Number of protein chains: 6
Amino acid sequence: MTQEEKLLDTAGKIRSMEIRGAGRIATAAAQALKDYVLELDTSSLEEFDRQLRWAADSLLNTRPTAVSLFNAIKLVTRYSATDAQAAKEAVVNNADRFIKNSQRAVEQIGIIGSRTIRDGDTVLTHCNSMAALSVIGTAHRSGKRIKVIATESRPRYQGITTIGMLDRMGIDVELIVDSAARSVMNEVNLVVVGADVVTANGSLVNKIGTAQIALCAHEARTPFMVAAETYKFSPKTLAGELVAIEERSQEEVLETISQYRQVRVRNPAFDVTPRQYIDQICTEAGLIPPEMSYMIIKERLGWEL
Amino acid sequence: MTQEEKLLDTAGKIRSMEIRGAGRIATAAAQALKDYVLELDTSSLEEFDRQLRWAADSLLNTRPTAVSLFNAIKLVTRYSATDAQAAKEAVVNNADRFIKNSQRAVEQIGIIGSRTIRDGDTVLTHCNSMAALSVIGTAHRSGKRIKVIATESRPRYQGITTIGMLDRMGIDVELIVDSAARSVMNEVNLVVVGADVVTANGSLVNKIGTAQIALCAHEARTPFMVAAETYKFSPKTLAGELVAIEERSQEEVLETISQYRQVRVRNPAFDVTPRQYIDQICTEAGLIPPEMSYMIIKERLGWEL
Amino acid sequence: MTQEEKLLDTAGKIRSMEIRGAGRIATAAAQALKDYVLELDTSSLEEFDRQLRWAADSLLNTRPTAVSLFNAIKLVTRYSATDAQAAKEAVVNNADRFIKNSQRAVEQIGIIGSRTIRDGDTVLTHCNSMAALSVIGTAHRSGKRIKVIATESRPRYQGITTIGMLDRMGIDVELIVDSAARSVMNEVNLVVVGADVVTANGSLVNKIGTAQIALCAHEARTPFMVAAETYKFSPKTLAGELVAIEERSQEEVLETISQYRQVRVRNPAFDVTPRQYIDQICTEAGLIPPEMSYMIIKERLGWEL
Amino acid sequence: MTQEEKLLDTAGKIRSMEIRGAGRIATAAAQALKDYVLELDTSSLEEFDRQLRWAADSLLNTRPTAVSLFNAIKLVTRYSATDAQAAKEAVVNNADRFIKNSQRAVEQIGIIGSRTIRDGDTVLTHCNSMAALSVIGTAHRSGKRIKVIATESRPRYQGITTIGMLDRMGIDVELIVDSAARSVMNEVNLVVVGADVVTANGSLVNKIGTAQIALCAHEARTPFMVAAETYKFSPKTLAGELVAIEERSQEEVLETISQYRQVRVRNPAFDVTPRQYIDQICTEAGLIPPEMSYMIIKERLGWEL
Amino acid sequence: MTQEEKLLDTAGKIRSMEIRGAGRIATAAAQALKDYVLELDTSSLEEFDRQLRWAADSLLNTRPTAVSLFNAIKLVTRYSATDAQAAKEAVVNNADRFIKNSQRAVEQIGIIGSRTIRDGDTVLTHCNSMAALSVIGTAHRSGKRIKVIATESRPRYQGITTIGMLDRMGIDVELIVDSAARSVMNEVNLVVVGADVVTANGSLVNKIGTAQIALCAHEARTPFMVAAETYKFSPKTLAGELVAIEERSQEEVLETISQYRQVRVRNPAFDVTPRQYIDQICTEAGLIPPEMSYMIIKERLGWEL
Amino acid sequence: MTQEEKLLDTAGKIRSMEIRGAGRIATAAAQALKDYVLELDTSSLEEFDRQLRWAADSLLNTRPTAVSLFNAIKLVTRYSATDAQAAKEAVVNNADRFIKNSQRAVEQIGIIGSRTIRDGDTVLTHCNSMAALSVIGTAHRSGKRIKVIATESRPRYQGITTIGMLDRMGIDVELIVDSAARSVMNEVNLVVVGADVVTANGSLVNKIGTAQIALCAHEARTPFMVAAETYKFSPKTLAGELVAIEERSQEEVLETISQYRQVRVRNPAFDVTPRQYIDQICTEAGLIPPEMSYMIIKERLGWEL
């Protein structure tokens, strides 16, 4: 395969969702850009830049609304150089740094977030988030006896993946249907969930159902924490862009609806939790209030309007 | 079969949940008591009373926490008579009246409740309630163009039954997962749900998930109405009895958990919605605030502490 | 004029709003019914009843949504008699009693409500309500030094009438635009407003703007009291009827809109305040929580579904 | 002592607070009235009535704002009789019934309220209420393992009495300062307090600090229950009377303030908890929402405006 | 006219409110300072500085509480230079930049803010704000079908200006009285208003009535957005200065009050909306949560305590 | 004494709480470090650094959870130098600057915070905070007539110290028990309290009872302000560290509990107020919303995760 073919191969896998999950997409794109520029053979900075742009756009167009992809590409392709060789080196360094930082971010979030969990606590989580599980797992490994309540997370039942992972860690788990979150909330000491996107005004876009759980936590004075790597924060929302809420296929909810005349399925993949219900966001840059999203975007991701 | 055997047969069907649903249980018990006393052949009032008590207790013990069963038996077996014949007649009349009233209550609730729906409204419902569907269906038949959003109602998916019934009525329906209720709430003009029990202090005990939806409705200033026949109101809660929240089997949620070491399933069948989130309760006795539960119990059901 | 013509004359004045205001309409209808039956000359109870029904319907149809009119007619025409003469006497007595009670209700409300005002208090009122002003005036006459803040009550500026009446009573008044209610709310010790309708579930239908003021009072922990004669309570809402919110003419808001192509005026006369924002309703039957509306309807007005 | 002297002796003890506590005052007054009429020796009903009025007023004037005293006297002196002997008997019967009912009410409240407590619960209480302790004690005696958190209840430290009584019952107790209620609230399953007065609109007047605790319970979704005999409900508040909040002496708070020039002590004995923060009131007539106060007053105490 | 006279002429127009509106005042002051320094003929930096201070103070004193004027003058007169000529150039450049940026800010706000509006949305606005109308107009021009509900904005009816401007843009408009905002709020998808001042802790000072609308939006879960150029943010509030709420003349509300003895008019021009009710502020620097006000002040305006 | 002995002497006094109070501890530690390094006699930077670390650790270990001590030591020991002499000078300068800044911070907070108080205001305060009293005292000295309501602040009655200080300033004071805060809240224009710690997500850790008062202020729309020097902000909370809530001795609450079998005393010294109830924090760096805590930590204190 040429470097173009290889890059398009990765792009194809992202588009087809063979590669999926905010973190894996971002890492794959960074790696693809690195591989691509390593094989670029031009001494013209202009030409280098043109080819890098093509590669970046090819990747970006696969999931135009995925903020982690956008941030990864933006961070990897940002350089100031006076010749092609220096530019190439900068991009390669950016990619290496992005990949390493992504990996370390989850660990760092685990360390920071786990400090907020006390021995004997009950933690509720929703869906299946690496960052949230890093918080829970780190607390468990540090010797705190904790119990986790996990929602099944309809329609795709990611909660089943979650309980499997927690079980393998040796953590006591209770599985509930999503509707039972309020019923158990008075027993919960902390809710921790992941993030698909954090917006410039501190809202959380995450798996459908998250906002209801946050509301229930707020009603019961139970702290609600988001575990999110900083590349989940969206610079574009600062410029007013709404986060598109993906509408997934009917089949995820109901195998067939052909027997009905007037029934349709609505299957929004995400919902929006307002910052008023979020006590803190645990990032690799520290435990911040959601209103600090603007600073994270500015300091870590950069933006221009 | 003797009359005893017949009565025990009905009791058995209620216990095994062959006969299920608050309304059907109540009606079946009333019918069984009627059939039973019709065949009683005693001129001693004392003897009549003893046998009636046996029959009542046999039925009551099948589902000791089902308030509709309790109310049906209490209303049917209440009489003042000086001889066995008069007592028998009173019980038969009570049973006939209870059965007829139960049937009419759903219609009456439909008529009253449907007046609160306006042309063009979007109504959200949860689970599968005859009384709630009577409200929606009556509004539709009266010519109002309405749309219904129905939750699937995990774990038993009663929402699928609901969308089938609405589809047959010719009403436009959107099916959502339970977690999506908050996402669509700003589009909803009215939430209407049924009731398993209404307590003396105006709380609603209903299908798991109801309380979360009520909370979301409250947050969005969307009216939340309960459709409940008066025999769903619980006299015993006036005396402090807690409504037992049935914990259903693990299999309803997850087929098997044997592969896990530390996972258990919690499957509460109901939850409790506080009166603060309930705008009104639509009964066959009128549209009342939940705080009026006490009066309904006193006037319609009677109680002694 | 024949008795029919006289009755239709009153009906016409109510329809044309020559007679207006919930209290005056109710009193005029009661008087018209009394005058009408006094001149009825039939010994047939059936005939009497037929003619009374005609008169009642003639009056009722003038303002089919006015609850005070509905209640007045219902209370006046309710009788049990075995001959026409007794029926006539009953109706005349009913009418006399209704008229006298209406007059005394405002006084009684003033006495009861004024007890909740303390020396030095600041009271806010909206629109122009006789019952609310009775509360304020009685407090003033009892020697309490009070200040009133009155809203102008757009679009019809009834607040200007209110400040004139208060000024004549010798009470210090501050006039504000409706938008300034929240700005002054932290200084206010009590909000007191009248009622057009109180519904069976305890909601208040009153002059547009009332609900915003109630919300502001709730936000600032300022008590919000409704002053309402019991004939303002609506038996029909118990049966699910929505209170029709009258949409008044555009001219009340803006003299002309002909110069615009795409502008229309919305001019709802009333809004709905939920019971959650109402601390108490001061009626001639006592100071009650809004949830007691059902009992007032039942005990004072009667209803059949 | 003459019967007049004996009655005045009791009145004096109530005035000097030698006899104190809502229940004890009420019982003492009922007993004093009984003793007084038993020694009345008149065959004139008019004379009997005059003397009874004198006795009632003598007692009432000792603590004109104590609702339990008012209710006791009203219930004891209510009779319809055609001769003095029958009147005397009625009053004696009333007094006996009142005293017996008062004693039974606390037991009955204990039975009803204790049903809402579950095994393993933590209950928070404030001040020192017989009715609240009856709820807790009955739950404990029924075999439920419970823990109680008690506030010290400044300024008079009634909480110290409470912990002594709980300790003697064999119940685990934690004592906190009043300021720590919110800190522990997320661990609490139920708050239960007594009542000095319940008003017609469902507000609770109770020991200073109660309202703050109710607010904290509301914030944390912790149920808040009032334990109150029905004679704590105030008929006069239905007529608009405000409950006077007694201002107690400075010395209760601070031994001396003479060393300061500009310091004064404010020492309100009670505060007012709005019905919105009260989940239920446990009376001997059942577990009711606070809005039902009106019905309790009407059915149990009677009133005329 | 000398340059002094010209500057004083502009100052006079600002004082007399011939020049009014936060944006126009700021621009006029910047232009006046530019014109003034262009004609200054001194080679002494000290003298230049003295004269510039005089001019700045002359302008500032016309409306000492207008934050836009304060910010404009501060930004224009900030320079570091070693000779008078360089200082003059710096001030002229500052003025040009300020004027250009002010003009572009409104456009930029329109672009950013309009992205948050979706096709089919209903937008509510209050008073007459260029920035808010830029958001609405840009959304309309981008092809989104929107409807606007505009309040009349008593006492000065700026809403009438607003509906005229929207009508000319070809946008469907509904005019309501200010009191009707809550009545229509459940139909509204977005509230957008302008700002007179944004404080360091994120409060909004704006036209009287804004806070009530924000409260109603919050109650109904309707997003509330402020459109504000960054020069509306107040550095002085960081140092604790309260924003003076101008009390306007009685005549704006009521033509004459001479006929009353005890009536006065209160006419506050602005009210304060707490940050809890503000979802986001749309500035030319992006869409931020109100808590970010501090950063805007620091980065864009500078401050020293 | 050697310099080591002197340093350990100060450390001992901090440990034994002879030196107590966040400000005094911080200042004493800074002074001790200065005195210590002034007597260090080494030309080796490495040796200097080792000895400085020892001294810092010796102080830090006395109260490992006191954030003011942590911040003081961190700010004093931060230097970049290439030789021991330069390092020593840097540390001495740091210490002098820290001490001077601490003293000025309280004054500056007084000036800034006092601007938010208006003539005639009633201010409520809790416990005994120098910063809060600086706000109140500065307002008083600037000629504003104010009244202060002070809580007694059980268990240690610091409120008694507060009323003494206010009395000496000539300010009118009312003393209340902690439980009475809600009762008086509707009369209060501003609550101002100090801080033990401000966390990275904007929570306030302060004297037990503070959170209840903040909740009551929020309920009544009364502004709640925290007066806090920036060295009260905790960098460690950014890394997830929970602020340890000191549990004080039983004797502070109750002299003896030996007479009880099942009573224990819980005596948490502090509680946590969430940022939602805090309107602003008055620091020497300005009046900020609590969400800005992150920026204060970053700009003023520095941190590394």
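Predicted model: local features only at pLDDT ≥ 70, side-chain atom pairs only at ≥ 80, totals over all residues.
The contact between chain A and chain B draws on both partners. Chain A contributes 51 residues, and chain B contributes 51 residues. About 4,200 Å² is buried between the two chains. Carbon and sulfur atoms account for 49% of that area. Three residues of chain A stand out. Gln212(A), Gln262(A) and Arg266(A) provide 18% of the area that chain A buries against chain B, more than any other three residues.

Polar and charged groups also link the two chains. Eight salt bridges are counted between chain A and chain B. One of them joins the side chains of Glu174(A) and Arg266(B), with an N to O distance of 2.8 Å. Polar contacts between chain A and chain B number 35 residue pairs, with both residues at pLDDT 80 or more.

Several elements of chain A give two or more residues to the side that touches chain B. The strands are strand 2 (147–151), strand 3 (172–176), strand 8 (263–265) and strand 9 (270–273). The helices are helix 7 (158–169), helix 8 (181–184) and helix 9 (210–219). By class, this side of chain A holds 27 nonpolar residues, nine polar residues and 15 charged residues.

Strand 3 of chain A pairs with strand 8 (residues 263–265) of chain B. The pairing is parallel and runs over three bridges. Within it, Val173(A) has Val263(B) as its bridge partner.

Other chain pairs are separate. Chain A and chain C make no contact. The closest C-alpha atoms of chain A and chain C lie 17 Å apart. Chain B and chain F do not touch either. For chain B and chain F, the nearest C-alpha atoms are 17 Å apart.

In chain C, the loop between strand 2 (147–151) and helix 7 (158–169) contains Pro155(C). The peptide bond between Arg154(C) and Pro155(C) is cis, with omega at about 5 degrees. Ser153(C) also lies in the loop between strand 2 and helix 7 of chain C. Ser153(C) is not a glycine, yet its phi is positive, at about 65 degrees. Ser153(C) counts as buried because its relative accessibility is 0%, under the 20% cut-off.

A cis peptide bond is found in chain D as well. The bond runs from Arg154(D) to Pro155(D), and omega is near 5 degrees. Pro155(D) is placed in the loop between strand 2 (147–151) and helix 7 (158–169) of chain D.

A further loop of chain C holds Thr199(C). This loop lies between strand 5 (197–198) and strand 6 (204–207). Thr199(C) has a relative accessible area of 8% and is therefore buried. Leaving aside residues up to four places away in sequence, Thr199(C) touches Val205(C), Thr237(C), Val243(C) and Ser293(C).

Arg221(F) has a phi of about 60 degrees although it is not a glycine. Arg221(F) sits in the loop between helix 9 (210–219) and strand 7 (224–227) of chain F.

Terms used:
Residues numbered from 1 in each chain as written. Chains lettered and ligands numbered in written order. Heavy atoms only, no water. Contact = heavy atoms within 4.5 Å. Buried area = accessible area lost by both parts, 1.4 Å probe. Salt bridge = Lys/Arg side-chain N within 4 Å of Asp/Glu carboxyl O. Polar contact = N/O pair within 3.5 Å; in protein donor to acceptor, adjacent residues only side chain to side chain. Helix = DSSP H or I, 4+ residues; strand = E, 2+ residues; numbered from the N terminus. Nonpolar A, V, L, I, M, F, W, Y, C, P; charged D, E, K, R; others polar. Pairing = 2+ DSSP bridges. Buried < 20%, exposed > 50% of the residue type's maximum accessible area, 1.4 Å probe, protein only.
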